[in-house]
Amino acid sequence: MPKMGESITEGTIINWLIAEGDSFEEGDIILEVATDKVDNEVPAPASGILVKTLFHAKDVVPVGAVMAILEVSEEAKSSKKENVIQSDREESHKIQNELKKKRIVIPRAVEESRSTSFLTTNSNTFFSPLIIKIAKEQHISFEELARIPATGMEGRLRKSDIFNYIEEGRPFKFAQPVAEKDPTAYRIPQLQFDKGKGKIIEMDRMRQMIADRMVYSKHTSPHVTAYVEADMTNMVQWRNANKVAFQEKHGERLTFTPLFVEAVAKAVKDFPNINASVDGTNIIVKEDINIGMATALPSGNLIVPVVKNADTKSLEEIANNVNALAVKARENKLGGEDIKGSTFTISNVGTFGSVMGTPIINQPEVAILALGIIKKRPEVIETEKGDEIAIRSMMYLSLSFDHRVVDGFLGGSFVRRVADYFEQFDINRKI
């Protein structure tokens, strides 16, 4: 199961397109997989024959698990042979780094390793290629190996140690990974609530994923929300006066969303640190400005298609992207690339009549902007004659930001800058 995006840990097999015993060419689509709310096609890595499928349609498969056994052609084997040693080393280092990040004391199963030396995180135990070979033959995992008493120099496991362990009946056969306990970690209290009675509706897979992501985001990022209001009168009047001409000239509907995306991208460019993500103690400030748009599907679920490099595109190009993504969302045809790579997200809660919202950050981003309903109301404005009361189109903006890396000054300044771009919209702008 390939990894098809950030934070993807598993996928659901939709359909096998190649049957057992059938041959295929490199690049042919072998199966379809649903991951992270969209359907993906898995191409063949080389030409060959599908020997056996290990999972069936609708099975949920973890990323990295073996889904099928392929017999590749000799030509494909020879072309890949020279890369095996280097890829094995890279994989071992990758696994080791992941284990350190997750603070795992006992390493993963031996089946995930190659026939190369591997230094575990358990003491200074070194598993030589011979030990790994024996472990594979005996189906002994790293979890087991790490518990076998070692008599070699500097605590290394010897061949005699592993054979003595086997003769003793493998007492640690069912060993499981053990994570270090963090005394400062929050423990969820085991409370019992009366959940009441009523119609039971099972969450579909997308709703489960949304629920997991929302809880993860609130648990990971300390959310703070800043509010401002903007006078949208100039933008509203310009859009109403030009939407028909815009569609006739460019063949695209002109909704408010492209105008919002354009202004937000300009503000992100002014405050690049809002266009970031967090990796441990590092802040990654993104070079590209990709604006995600929280979108409701016909099913009621939520998805975030992305306008890539929004700061480099004209209003016509942004409108084209927004409209195309909206159609794909309605028809459930969004692909993996359509929802990948957002660096900042907006949520137009005003579409549903909400005055304002407190959005949850779309991880791994550090901020999300909610745009409320545009509503006419009397406002005091300054004119050449002095203060006057006039009917203006007003909107509330609310920015939720990750207080680990975004402080009030940055968050407040950014959302104010977005409102300024809205208010200072050129009423004489040409389409």
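Analyst: Happy to! One cut-off first: a residue is called buried under 20% relative accessible area, exposed over 50%, and partly exposed in between. Please keep in mind that this is a predicted model.

User: Thanks. Why is I69 called partly exposed?

Analyst: The relative accessibility of I69 is 40%, so I69 counts as partly exposed: that value falls between the 20% and 50% cut-offs. You will find I69 in strand β7, residues 68-72.

User: What makes the nonpolar surface patch that includes I69?

Analyst: V51, L54, V66 and I69 make the patch, which covers about 320 Å². Members of a patch need over 30% relative accessible area, and I69 has 40%.

User: Now H139 and R170. Why is H139 called exposed, and what is R170 called?

Analyst: H139 has 60% relative accessibility and therefore counts as exposed, since the cut-off is over 50%. R170 has a relative accessible area of 17%, so R170 is buried; the limit there is under 20%.

User: What is noted about the phi of H139 and the phi of R170?

Analyst: H139 is not a glycine, yet its phi is positive, about 60°. R170 is not a glycine either, and its phi is positive at about 50°. H139 sits in the loop between α3 (129-138) and α4 (142-145), while R170 is in the loop between α5 (159-167) and α6 (205-220).

User: Which residues of α9 are buried, and how do you know which side they are on?

Analyst: The buried ones are L315, I318, A319, V322, N323, L325 and A329. They cover an arc of only 165° around the axis, which means they are on the same side of α9. In an α-helix there are 3.6 residues a turn, so residues three or four places apart point the same way. Among the elements covering the buried residues of α9 are α7 (233-250), α8 (256-270) and β13 (291-293).

User: And what comes after α9?

Analyst: N332 follows α9, with a positive phi near 55°.

User: Last one: what is the omega of the cis peptide bond between Q363 and P364?

Analyst: Omega is about 5° for that cis bond. P364 lies in the loop between β17 (344-347) and β18 (367-371).

Technical notes. Residues are numbered from 1 along each chain as its sequence is written. This is a predicted model: local features need pLDDT of at least 70, side-chain atom pairs count only at pLDDT 80 or more; totals for chains, interfaces and linings use all residues. Side-chain values use heavy atoms; hydrogens and water are left out. Patches are made of residues with over 30% relative accessible area and no salt bridge: like charges are joined within 9 Å, nonpolar side chains (Val, Leu, Ile, Met, Phe, Trp, Tyr) within 5 Å. Accessible areas come from the Shrake-Rupley method with a 1.4 Å probe; for residues, only the protein chains shown count as cover. A salt bridge is a side-chain nitrogen of Lys or Arg within 4 Å of a carboxyl oxygen of Asp or Glu. Helices (H or I, at least four residues) and strands (E, at least two) are DSSP runs, numbered from the N terminus. Buried means under 20% relative accessible area, exposed over 50%, partly exposed in between (1.4 Å probe, protein chains only). The arc is that of the directions from the helix axis to the C-beta atoms. Contact means heavy atoms within 4.5 Å.
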